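Subject: Structure handover and findings

Dear colleague,

Please find the structure below, followed by an account of what was found in it. I would be grateful if you could read the two side by side.

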Amino acid sequence: MGKGRRYVVLAICCSSLFIVGLDTTILNVGLPSLKRDLHAPDSGLQWTIDAYGLMIASLLLFSGSMGDRLGRKRVFRTGLTLFSAGSLLCSLAPGLGWLIAFRMLQAVGGSMLNPVAMAIITNTFTERRERARAIGVWGAVIGLSMALGPVLGGVLVDGVGWRAIFWINVPIGLAAMVLTGLYVPESNAPRARRFDPAGQILVAATLGTLTYGIIEAPSAGWASTRTIVMFVIAAAALIGLVIVETRREEALLDMRFFRSVPFSGATGIAVCAFAALGGFLFLNTLYLQNVRGYSALHAGLMTLPMAAFAAIMPPISGRLVGSRGPRPSLVVAGIALPASGLLLTFLGPHTSLVLLVSAYVLFGIGFGMVNAPITNTAVSGMPVTQAGVAAAVASTSRQIGSALGVAILGSVAAHSAAGQVGRATIDPTSAPAWWIMVGCGAAIGVLGVLTTGSWARGTAARTAALFSAQPAPPERTTSLSGAGADGRAA
């Protein structure tokens with residue numbers, strides 16, 4: 001496959017990532033307007049964001065196995081269809097409940113896109129340095145789409161209304177469908193893996209009950225029976241998931257991956273980084289519009305410094321990872337993100353713009369540096385047949401982190417503001433919420449150092465040997481030899 005064709009495939013894969021990432025953040029700036037139109041409580045705003053992220057996180061690995069069985073190109077195009085249809089329905093939603101339901105339909109389609117796209121990239125770009133650069137581009141698209149969401153959302157909300165933010169997905173989705181038909185080859189695994197319904201149910205139960213307990217705790221009470229029951233169910237489901245997946249031969253989530261310290265570290269880093277992003281974008285838009293009184297457009301434009309650095313830094317990080325490994329990028333992220341959170345603990349109605357812009361720039365630098373090493377560290381040392389699986393788990397961790405960030409930071413801020421059981425109101429100037437972001441950033445730096453040394457690389461090599469001892473038959477593809485990856489991820 002020629003270099004030009006490889007980068008065409010990369011562009012197609014990145015287009016699907018762009019609309020999925022965009023919808024993770026574009027709605028944030030429209031939340032105040034949506035709240036007024038649909039008479040939604042603050043917890044309803046959290047659910048509008050988190051229903052999308054949780055559904056994607058719950059279905060990423062399952063959707064990968066569907067691509068394995070039914071054909072990756074077919075599942076990819078099905079995902080584009082569902083995502084575009086869900087976007088159109090979101091723009092027509094008559095109430096909050098309908099909007100949340102249509103966001104979940106969007107997410108079902110979105111879950112079919114990223115695993116396929118990432119598997120194609122990791123197997124199309126097989127040379128280490130070229131793959132690192134390609135993953136850097138992938139990281140740039142993640143950063144650009146999620147960071148541009150508030151800016152583009154502000155333009156659309158002020159110009160047309162919050163419903164317009166869903167319209168942009170439809171033409172992009174249709175264009176991606178056409179290009180997929182022209183350039184992306186069909187591929188599927190020679191032996192489709194069996195579905196794991198028990199694992200799938202336990203993953204959804206763990207994420208759903210944990211998030212429900214966190215979001216509703218400020219209103220129900222952190223010590224209320226309902227909150228405690230949700231947390232107990234989440235813990236029981238997590239324990240059950242570990243037990244079931246450890247004993248299953250073809251598990252949805254192969255627990256052997258976590259014997260690799262770099263892989264486990266990449267998972268933790270992804271959760272921390274995207275928890276910081278999700279919480280930051282959610283609280284920041286409420287702060288700019290509800291506390292400072294900015295319009296949606298003004299609030300979106302205020303995030304441009306963050307968006308610019310989130311787009312500039314990933315290619316730099318990708319080249320740095322390719323030449324010096326993931327540690328330098330993770331250390332930079334582990335310094336910049338906590339510094340940003342520390343500045344935001346001083347938020348108030350009259351906080352200076354210099355402090356705000358400084359915090360946004362630092363956040364953009366930190367977040368922009370972290371994406372490429374997440375994926376590179378996750379697939380480091382893995383056989384090529386397992387690279388897609390590792391990357392899919394990293395993508396799942398990103399979605400889990402984003403959902404938990406909105407839930408935790410929002411609920412901590414609501415708890416501080418409410419001070420009593422009842423309908424809680426979120427206070428985006430709550431210092432405890434921003435201190436959580438500081439902790440997430442610091443954890444990235446610590447994990448970046450601990451999981452990139454010689455001892456950590458040794459655990460990755462031993463883990464890879466477990467899979468190398470079970471050779472898989474060659475991939476069956478059309479139009480592009482070797483485009484696929486292990487079925488569960490691709």
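Does Q46 count as buried or exposed at its relative accessibility? With a relative accessibility of 2%, Q46 counts as buried, where buried means under 20% relative accessible area, exposed over 50%, and partly exposed in between (1.4 Å probe, protein chains only).

Some conventions apply throughout. This is a predicted model, in which local features need pLDDT of at least 70 and side-chain atom pairs count only at pLDDT 80 or more, while totals for chains, interfaces and linings use all residues. Residues are numbered from 1 along each chain as its sequence is written, and side-chain values use heavy atoms, with hydrogens and water left out.

Q46 lies in helix α3; helices here are DSSP runs (H or I, at least four residues), numbered from the N terminus. The C-alpha atom of Q46 is 9.9 Å from that of T211, although 165 residues separate the two along the chain. L61 is also part of helix α3, and at 10% relative accessibility L61 counts as buried.

The loop between α2 (31–38) and α3 holds H39. The phi of H39 is near 55°, a positive value in a residue other than glycine. H39 counts as exposed, because its relative accessibility is 67%.

The second largest pocket

The second largest pocket holds about 440 Å³ of space. A pocket is found on a 1 Å grid over the protein atoms alone, as an open set of points where a 1.4 Å probe fits, with protein on both sides within 12 Å along at least five of seven lines; lining residues have an atom within 4 Å of a point. Grid points are joined across faces, edges and corners, and the volume is the space filled by probe spheres set on the points.

There are 22 residues lining the second largest pocket, and those closest to its centre are L207, L238, L241, L253 and I400. At least two lining residues come from each of α3 (42–70), α9 (197–220), α10 (225–247), α11 (261–291) and α16 (384–418). The greatest contribution to this lining is that of α16, with 5 residues. By type, the lining has 17 nonpolar residues, 5 polar and no charged. In this scheme Ala, Val, Leu, Ile, Met, Phe, Trp, Tyr, Cys and Pro count as nonpolar, Asp, Glu, Lys and Arg as charged, and the others, Gly among them, as polar.

Helix α11 has 31 residues and spans 43 Å from its first C-alpha to its last, close to the 45 Å expected at 1.5 Å a residue; the expected span is 1.5 Å times one less than the number of residues. Of the 31 residues of α11, 26 are buried. Just after α11, G293 has a positive phi of about 80°.

L409 belongs to helix α16 and is buried, with a relative accessible area of 2%. The C-alpha atoms of L409 and M437 are 8.1 Å apart, and 28 residues separate the two along the chain. In helix α18 (residues 454–468) lies A461, which is partly exposed at a relative accessible area of 44%. A461 and S260 are 201 residues apart along the chain, with 7.8 Å between their C-alpha atoms.

Aromatic rings

The whole structure contains 10 aromatic pairs. Rings of Phe, Tyr and Trp (its six-membered ring) pair if their centres lie within 6.5 Å; planes under 30 degrees apart count as stacked, over 60 as edge-to-face and the rest as tilted. W162 and F166 form an edge-to-face pair, at 6.5 Å centre to centre and 85° between the planes, and both residues are buried. F280 and Y360 are also edge-to-face, because their planes stand at 80°, with the ring centres 5.7 Å apart. F280 lies in helix α11 and Y360 in helix α15 (residues 353–379), so this pair ties together parts that are 80 residues apart in sequence. Both F280 and Y360 are buried. A cluster of F274, F280, Y360, F363, F367 and W434 is linked by ring pairs.

Yours sincerely
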